[in-house]
Amino acid sequence: MHLFWAPYLAIASGYETLTLPVIIWGAIGGIAVGSIASLIGRRIPGVFIKNLHRTGADEADKAVTLAEIGMEKNFILRRALRDGKTLRKYVTLSNPDAFAVKSPNNSKFSRVLRKIFSIPEPEAKTEIDFSRARFFITDEARFTAEVRYNGKGADLLGVILSLLLLAALGFFLQWILPELISLVGGLILQ
């Protein structure tokens with residue numbers, strides 16, 4: 001148990017050292033967080049698109065609110081439905097003129113930064129009130145969105161199994177890498 005907890009205790013005690021187990025578990029943790037984020041990032045918009053199709057919201061006069069499809073409290077979905085986000089390429093807001101448009105920052109400093117780094121001019125963004133916003137998706141956009149946000153291959157059981165395999169890989173690497181490093185070090189020094 002000492003081998004596993006030693007790097008974490010060293011970091012917590014202020015003894016700043018980057019050890020091999022910290023690197024291994026940092027990489028494993030990053031991959032695990034990425035797989036969970038991928039699952040969430042594909043599932044929530046996928047469910048939203050399916051709900052829009054199920055309710056028949058395929059044109060502007062049939063648009064529905066998030067409350068009508070039971071997704072009004074979903075924070076991740078509301079973030080994904082803002083202007084400039086990928087989901088908004090497929091889902092259309094049927095009442096955009098009901099919301100205020102926020103003009104971009106156009107200060108002298110931001111203009112200079114855009115010129116230095118060749119950044120394009122920012123676009124105006126709509127401040128959406130999701131309690132009043134009505135969304136629909138056309139059939140052409142729905143087919144593309146269903147392929148993009150398809151949940152196949154990213155289900156909860158698969159993520160749990162991959163997390164268990166990642167943990168096993170972490171323990172294996174923590175056991176084998178010090179041996180390999182000492183073996184290679186012995187070959188180089190001789």
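The model is predicted, so local features need pLDDT of at least 70 and side-chain atom pairs count only at pLDDT 80 or more, while totals for chains, interfaces and linings use all residues. Residues are numbered from 1 along each chain as its sequence is written, and side-chain values use heavy atoms, with hydrogens and water left out.

**Exercise 1.** Locate Ala 100, classify its accessibility and list the residues that it touches.

*Solution.* Step 1: Ala 100 lies in the loop that runs between strand 1 (92-93) and strand 2 (101-102). Helices (H or I, at least four residues) and strands (E, at least two) are DSSP runs, numbered from the N terminus.
Step 1: Ala 100 is exposed because its relative accessibility is 51%. The classes are buried (under 20% relative accessible area), exposed (over 50%) and partly exposed (in between), with a 1.4 Å probe and protein chains only.
Step 2: Leaving aside residues up to four places away in sequence, Ala 100 touches Lys 125, Thr 126 and Glu 127; contact means heavy atoms within 4.5 Å. The C-alpha atoms of Ala 100 and Glu 127 are 5.6 Å apart, although 27 residues separate the two in sequence.

**Exercise 2.** Determine which salt bridge Arg 134 forms and where its partner is placed.

*Solution.* Step 1: Apply the criterion, a side-chain nitrogen of Lys or Arg within 4 Å of a carboxyl oxygen of Asp or Glu. Arg 134 meets Glu 68 with an N to O distance of 3.4 Å.
Step 1: This pair links distant parts of the chain, 66 residues apart: Arg 134 is in the loop between strand 3 (125-126) and strand 4 (135-136), and Glu 68 is in the loop between helix 2 (20-55) and helix 3.
Step 2: Arg 134 is partly exposed because its relative accessibility is 29%; Glu 68 is also partly exposed, at 47%.

**Exercise 3.** Is each partner in the salt bridge between Arg 114 and Glu 121 buried or exposed?

*Solution.* Step 1: The closest N and O atoms of this pair are 3.3 Å apart.
Step 1: Arg 114 is buried because its relative accessibility is 9%, whereas Glu 121 is exposed at 56%.

**Exercise 4.** State how many salt bridges the whole structure contains, and describe the one between Asp 129 and Arg 132.

*Solution.* Step 1: The search of the whole structure gives 7 salt bridges.
Step 1: In the bridge between Asp 129 and Arg 132, the closest N and O atoms are 3.1 Å apart.
Step 2: Asp 129 is partly exposed at 31% relative accessibility, and Arg 132 is partly exposed with a relative accessible area of 43%.
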